[in-house]
2 protein chains.
Amino acid sequence: MATEKVVPNRQILLKDYVSGFPKETDMVLTSTTTSSKVPPGSGAVLLKNIYLSCDPYMRGRMSKPISQNYADSFVPGSVIYGYGVAKVVDSEHPDLKAGDLVWGITGWEEFSLVSNPRRLLKIKHTDVPLSYYTGILGMPGLTAYVGFHEICSPKKGETVYVSAASGAVGQLVGQFAKLMGCYVVGSAGSKEKVDLLKNKFGFDDAFNYKEEHDLNAALKRCFPEGIDIYFENVGGRMLDAVLLNMKVHGRIAVCGLISQYNLHEQEGVHNLFCVITKRIRMQGFIEPDHKHLYPQFLELAVQYIREGKIVYVEDIAEGLENAPSALIGLFSGRNVGKQVVRIAHE
Amino acid sequence: MATEKVVPNRQILLKDYVSGFPKETDMVLTSTTTSSKVPPGSGAVLLKNIYLSCDPYMRGRMSKPISQNYADSFVPGSVIYGYGVAKVVDSEHPDLKAGDLVWGITGWEEFSLVSNPRRLLKIKHTDVPLSYYTGILGMPGLTAYVGFHEICSPKKGETVYVSAASGAVGQLVGQFAKLMGCYVVGSAGSKEKVDLLKNKFGFDDAFNYKEEHDLNAALKRCFPEGIDIYFENVGGRMLDAVLLNMKVHGRIAVCGLISQYNLHEQEGVHNLFCVITKRIRMQGFIEPDHKHLYPQFLELAVQYIREGKIVYVEDIAEGLENAPSALIGLFSGRNVGKQVVRIAHE
């Protein structure tokens with residue numbers, strides 16, 4: 001058994017609460033040290049972090065605490081945290097031992113002492129990229145799965161529209177919908193992403209929303225008969241255009257509103273009358289409510305990956321020092337696919 | 001058998017499509033004549049109209065046809081139509097005979113020739129006021145019933161908020177919710193209506209929205225623990241305030257958006273992020289989708305009325321010539337209770 005030593009530990013801290021678009025300088029890289037051993041009797045686990053996940057919901061944690069958020073705010077001056085993949089260095093938890101690979105909530109730092117290891121999941125399947133546990137096999141994967149299969153009540157042959165469709169969640173929603181036999185159209189913010197949607201993920205059609213001056217017209221072109229299911233990642237004027245193009249008894253799974261996260265005042269949505277005339281069901285959801293479905297989802301998703309039925313595109317930044325830039329890139333759509341940061345080699 | 005004669009028939013016509021708030025002068029009273037007999041071989045029914053129903057959805061029919069509406073527009077220069085109660089004068093339909101009382105869609109005129117009598121329902125229960133078939137025992141009644149019981153998924157002990165709560169639908173939603181053991185608060189636009197809510201319909205609390213400069217604060221005062229169910233009749237800034245006060249897993253039945261019907265541009269709704277954070281289900285619905293539930297609803301509602309478990313307040317205008325004023329009064333909230341127009345004696 002290795003003896004205790006003090007190891008250097010670089011960390012990303014939140015400087016202060018953020019208002020408006022976050023900047024790299026809202027976060028700071030610092031150097032500290034940590035013990036290589038878990039405090040005796042603590043029941044804690046010490047992790048060496050390998051992959052950090054950049055997710056849009058983290059923007060909410062950078063704001064001053066408000067009662068309407070669903071995630072606690074980060075603490076200014078403290079380490080940023082989020083989903084990640086890590087290797088156990090030392091453990092006082094009976095189910096985890098040194099060398100185990102885990103995923104769950106961890107710090108944006110080289111080493112994290114996790115005092116509540118029940119929230120870490122041991123990684124069993126390692127024939128797939130480990131980074132996938134921040135994406136298709138992690139929170140975004142389950143989000144796409146429950147959002148589409150549980151919230152959208154999809155049926156074969158229905159028309160499905162996905163916004164932010166090349167992102168961590170969107171690319172999966174589109175592929176799940178194709179596997180179910182739906183007609184799927186996605187939108188994204190660049191030609192490269194639109195090509196991915198059509199040629200890599202198998203969407204039936206796709207468009208670059210930045211090149212459409214009239215979103216309503218774009219949706220009418222893609223869905224002359226209307227939209228049965230909208231998987232909402234964007235909000236604002238996109239939602240307004242979608243409402244005009246929904247079919248009667250359509251369903252909208254409200255997963256995210258990324259167009260709104262950095263605005264001081266939310267854009268108004270003006271076409272809610274369509275909710276009545278078309279008897280639309282809009283349903284908000286968050287993945288933690290559906291954690292009980294994770295085991296079955298994991299087996300299914302791993303099978304799909306092995307069989308090549310689903311592919312997953314990641315955008316991997318290298319180095320902890322590049323994590324802030326990777327995170328804020330989400331809000332300008334710089335990432336192509338799921339944004340991950342690799343901070344150590346496996 | 002009476003011989004055919006020509007009888008005078010006064011009618012209310014729509015002059016032209018309406019934009020903005022409707023005015024009495026958008027409609028016109030004319031005099032014409034009609035035959036007292038149904039054309040031989042037509043299968044039609046001739047009605048003598050008794051009660052006409054004024055309903056907010058009729059505003060949509062006064063506008064130029066748009067693809068997003070759920071009801072066809074009236075035809076300028078033609079008779080306005082809507083729900084009503086009538087007596088059969090002559091019939092070529094096997095199920096209806098002279099003297100039968102019916103309710104259904106009829107014209108705003110003294111006599112209506114109905115060529116598709118399958119859409120008329122024969123009135124069986126006549127120990128209740130006949131006008132109730134425009135309200136509690138008609139479309140608004142079934143709307144309140146399915147909106148609350150089918151769309152809101154209510155449970156005993158939950159908190160329920162109803163806007164436009166003294167109206168044709170709202171007063172029933174509140175009473176259904178009380179019968180189920182919910183805590184019910186309503187809002188309306190005058191002291192008289194608030195008194196009705198509290199003292200006649202048995203709401204637990206009520207407020208006059210016109211006297212609240214901060215709807216969010218009003219709702220926080222009435223629902224310190226938040227709202228499980230919102231029955232939406234109003235839209236706009238009321239919906240924004242409600243979203244801030246919904247509980248996690250709350251439900252919003254979207255029945256009407258009367259605050260928006262006369263606006264050239266709909267108010268924006270800004271707090272839809274709460275739909276995610278609180279996992280809210282917003283479900284639009286219209287009563288025609290649920291017609292199959294009418295027979296069971298009718299028996300239940302008649303029983304409730306006979307037992308005094310539910311009361312119903314109507315605002316009855318007298319005379320066809322006063323129908324236009326009664327209809328437009330809905331949009332300034334002039335009516336107290338369900339707005340009906342009596343144009344003949346039973």
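A residue counts as partly exposed when its relative accessible area lies between the buried class, under 20%, and the exposed class, over 50%. A:Lys291, with a relative accessible area of 33%, is therefore partly exposed. The legends below describe a predicted model.

**Figure 1. Salt bridge between A:Glu287 and A:Lys291.** The closest N and O atoms of A:Glu287 and A:Lys291 are 2.5 Å apart. A:Glu287 has 4% relative accessibility and is therefore classed as buried, the limit being under 20%.

**Figure 2. Salt bridge between A:Glu158 and A:Lys155.** In this pair the closest N and O atoms lie 3.6 Å apart. The relative accessible area of A:Glu158 is 8%, so this residue is buried.

**Figure 3. Salt bridge between A:Lys309 and A:Glu307.** The separation of the closest N and O atoms is 3.3 Å. A:Lys309 is partly exposed, with 46% relative accessibility. A:Glu307 is likewise partly exposed, with a relative accessible area of 45%.

**Figure 4. Network of salt bridges in chain A.** The linked residues are A:Arg10, A:Glu110 and A:Glu321. Over all chains, a search of the whole structure finds 38 salt bridges.

**Figure 5. Contact between chain A and chain B.** Chain A contributes 34 residues to the contact, and chain B contributes 34 residues. The two chains bury about 2,900 Å² between them, with 63% of this area on carbon and sulfur atoms. Between chain A and chain B there are 6 residue pairs in polar contact, both residues being at pLDDT 80 or more. On the side of chain A that touches chain B, two or more residues come from each of helix H6 (237–245), strand E12 (246–254), helix H7 (273–277) and strand E13 (281–284). H7(A) gives the most to this side, with 5 residues. By class, the side of chain A that touches chain B comprises 18 nonpolar, 10 polar and 6 charged residues.

**Figure 6. Salt bridge between A:Asp289 and B:Arg279.** The count of salt bridges between chain A and chain B is 2. In the pair formed by A:Asp289 and B:Arg279, the closest N and O atoms are 2.7 Å apart. Side chains of opposite charge can pair when their charged atoms come close.

**Figure 7. Strand pairing between E13(A) and E13 of chain B.** E13(A) pairs with strand E13 (residues 281–284) of chain B in the antiparallel sense. The pairing extends over 3 bridges. A:Arg281 has B:Gln283, in E13(B), as its bridge partner.

Methods. Residues numbered from 1 in each chain as written. Chains lettered and ligands numbered in written order. Predicted model: local features only at pLDDT ≥ 70, side-chain atom pairs only at ≥ 80, totals over all residues. Heavy atoms only, no water. Contact = heavy atoms within 4.5 Å. Buried area = accessible area lost by both parts, 1.4 Å probe. Salt bridge = Lys/Arg side-chain N within 4 Å of Asp/Glu carboxyl O. Polar contact = N/O pair within 3.5 Å; in protein donor to acceptor, adjacent residues only side chain to side chain. Helix = DSSP H or I, 4+ residues; strand = E, 2+ residues; numbered from the N terminus. Nonpolar A, V, L, I, M, F, W, Y, C, P; charged D, E, K, R; others polar. Pairing = 2+ DSSP bridges. Buried < 20%, exposed > 50% of the residue type's maximum accessible area, 1.4 Å probe, protein only.
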